[in-house]
Structure formats: structure tokens, C-alpha cells
Amino acid sequence: MSHLIMLFSLTLAAVAQAVIPSLPWMAMTKFPFILGVVMYYALTRDRHTMLRVAFIGGLFQDALGHTPLGASSLCFCVLTGVVNHYRDLIYVRHVITHILYGGLVNLTSTLFLYLILETDGYLLTGYRWLMLRLGCSTLLGALTLPVVFHLTESLERRLGSTQARSL
Amino acid sequence: MVWLVLGAVLVVILNLPNSVSRRVKASIREVISPLQEGITDTGRTLKEAWMIARGLGGLAIKNREMEEELIQLRNEALYLRALERENVALREQLRFMQKSSQTLVPCEFVARDISGWWQTVRLSRGSADGVAVNRAVVTPEGVIGKTIDVSRNTCDVLLVSDPGCKISAKISRSETFGVVSGQGVTVNEQVVMKMDFINKKSSVNLGDEVVTSGLGGVFPKGLFIGYVDKIYTSKNGLYLSADIVPREDVGTVNYAFVVAEDDDPIEELLRRKEREAEQLKVEEVEVEVDVDEEPVEVEE
């Protein structure tokens, strides 16, 4: 059941991320719903589940875009590994944690993906656009993770996931 | 241990050949795109429902039907105008060549690029409908991009506003050639393109129409791209450059047409010659039959 919830959450996040438009004055930065779901599992689950979610979430993000397959998975796996490593030192369910982690993780993910895409020659962008994009990524990450965390946790509780109940 | 396994899997995935990687992506897209289409359609329906609730009655539905009909008619008119121009040019040169026919596949908008790194949109038709990679995508307002990825039921379109999209173009009035590339979207959501390599001695004015030149093999000739908004000398001083503005915002289209196939004009000509030869043979047989008939007796 928890696997189904995970797949459902990731699919819904992927669809929402694709359908909701981005703003030109925010350097076309998207709301990081997929990363939000991945971070939820990184903060609340064991390592195996977390890596599985990061891998699948990354594949979804790559498949629905034009990033090389595996790039987002690699990025998400590394980030979730770091987050998971330090989660015992933070208040996992506190909204301030979500805001800070959301901003930091999305910023790092954006920079990481930019480096991969730029190195492989996929992008034609300037530094000013990149700076704007990094700033907006931080902001949207900070706004998105608290909401996604709360929604995913509520969904799991309503569907009777025992792991969510034990949090 | 789990990290090693994961690392190995990621290394394999990152180094997959393009064809395999595309197939994997296409299969994931095929699963998710119906959901995206459903949500987009729901959004559109809700918008219409809202208009109805505000007291506009059936106007919203009628508006949509008329919009669809208008798009079809305007696209036909655009195509016929291009045909007429070409017909006049051919008559003047006293040469006749079979016009290549274009199959246009109507598509609906499904979703945008999920990452925001590229200016792309996803449309609701794919290889099952005759859509292929590197095909022009047009609306009655002109070119909006080209297909870059095609799965069975969807295709991704790289918009003209993306810096990676380059179109061989010419200024309609003076027949001056150049290359149009996207420059992104401004803060007030205005799409800007840039036309480079314009000959310094050529005549370029503000407001000139820019159309596709037909060179490059992707975009058919004569499709509208935009208007000249600004003219300046290139950085190296060797050419002129111009800012081009399209007629409508390419990122907010609801419908578009993919140029699915162009019949090869040479093959079409050969097929026509074969038909004519067969017709001549039939006529020869009819004449032979006439000769074999008994002569008619003429009364004195």
C-alpha cells in the first residue's frame, strides 16, 4: 500500500509540475513538486525507501523533460542521502525545517542539473539568467516543500499507512 | 551495498544510447500524458464553466466551437495564399513543377516542459498520427516551433522562443536571407527572436514581415515568423541583426498543426508521368480497336 501511495504521489507531483505554468520573470522556474515528494520520503523513511523514491522521481522528471535520463535521479539520490544522514539532528516535522531544507535542496538541485546540462552542451543560457533562476529556485523550494510535506503526510494518514501514523 | 548497486544502475542509465534512452522516456510519457491531458482539459472546462456561471450562458461553448472552426479556416487560407503566390511565380517563369502537398495534423496542447530549462510544449499527437521528429509546428499566426521528440501519442515541440531553435528565414519584402533564433521571453512575457546574418546592403525596415525561406529542410517555405521590431549592426560589424516579434504568444497556444509529411516532389512527378503514360496506352488500345472495326459503307 505504501508503494502505491508513493507512486501515486510521484505521478501527481509530476503532472502538477508539468501542467502548472512557470513565469518568465522567474526565469521559467517550476514549482519542485517531485523534489518535494522525494524530500518527504528522505525525512521520514529509511534509506532503501528514500533511494527508491529518489530514483523513480528522478526518472519521472527526466522522462517528462529533455534532461538526459538519469541526471535528475543522480541528483536526487545524492541530495536525499545527505538530508537523510542529518535528519536526526533536526526537527523533521517543523515547518521552518521544511522551508530551509526546501530552499537549500532546490537550489543545490538546480545548480547540479545546470552543471550537468551545461557541460554536455544541452543549454544555451547566460549567467544573469542562471543567477535569477537560482534565486527563484530557492524561493519556490522554500514555498513548496512545506505544502507537499503536509499533503503527502495527510494522504498517507487517510489511507492508513502505518509508517505515517508512527511519525 | 545499496549505494553501490544504485551507483552502478545510475552509471548504466546515464550511459544508455540515445535510442534506448528515448524509448524509455517515451514509455514513461505515454503513461503520464493522458493524466496531463485530462488535467489540462479539466482546467479548460472549469474555465468555461466559470464563464457560464457568470451568466454568459452557452457563449463559452459556442466561442470554443467557433474558435476551432476559425483556426481550421485561417490555416486553409494561409496555405491557399502560399499556393497562389507560388502559382504566379511559376507561371511567370513558364515552368511547371508539381507542388508538394503537406499533411497537417491538428494537435491540442497538453503540457509544458517539466523542468523549465527549455521552452517546450507537449502536444496530443504522436507517431501513430504521422508525426515525426524535426517537423514544423504552425498555427494560423505562423510558425511556433519544431518537433524534437515524438512518442506514440504525444510529441514535444521546441518553441521558437528557445535559444536552441534556429530557423532559416528571409524578409518577405526584400527577399533578404538570415537565421532566426529564439531569445527567450521578456519579463512582460513578450517572446523575442533575433535574426542574424542579414546582409548590410540589403533593405530592412521596421515592420517588415519575416517568413521561412524553406532552406534547412525542416520548415516549409513561406510560413510567417514575425515582424521586424528593431534593427542594429551585429557585434562584429559584418552583418545586420534584427529583433523579431511574433504575432501571438507562442507559449499560450491551445491548438497547433504539425506538418506531418511532405510528398517528395520528384516522386510525385514520376507518379504523375506514370499515370499519363498509362492513360496514353489506354487511348492507343482504343484507337486500335477503332481501326479493326468494319469500314462503313458509303452509299453512292
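Let me start at the interface of chain B and chain A, where the rule finds five residue pairs in polar contact, both residues at pLDDT 80 or more. A polar contact here is a pair of N or O atoms within 3.5 Å; within protein, one must be able to donate a hydrogen and the other to accept it, and residues adjacent in sequence count only if both atoms are side-chain atoms.

This is a predicted model, so local features need pLDDT of at least 70 and side-chain atom pairs count only at pLDDT 80 or more, while totals for chains, interfaces and linings use all residues. Residues are numbered from 1 along each chain as its sequence is written, chains are lettered from A in the order in which they are written, and side-chain values use heavy atoms, without hydrogens and water.

Back to the interface. Salt bridges between chain B and chain A number zero, a salt bridge being a side-chain nitrogen of Lys or Arg within 4 Å of a carboxyl oxygen of Asp or Glu. In contact, meaning heavy atoms within 4.5 Å, are 38 residues of chain B and 43 residues of chain A. The two chains bury about 3700 Å² between them, 74% of it on carbon and sulfur atoms; that is the accessible area (1.4 Å probe) lost on putting the two parts together, summed over both. B:Ile114, B:Trp117 and B:Trp118 supply 24% of the area that chain B buries against chain A, more than any other three residues.

Which elements of chain B give two or more residues to the side that touches chain A? They are helices H1 (2-14) and H2 (18-56), with strands S1 (102-112), S2 (120-123) and S4 (142-150). These are DSSP runs, helices being H or I of at least four residues and strands E of at least two, numbered from the N terminus. H2(B) gives the most, with ten residues.

B:Arg22 lies in helix H2 of chain B and B:Asp149 in strand S4 of chain B, so the pair ties together parts that are 127 residues apart in sequence.
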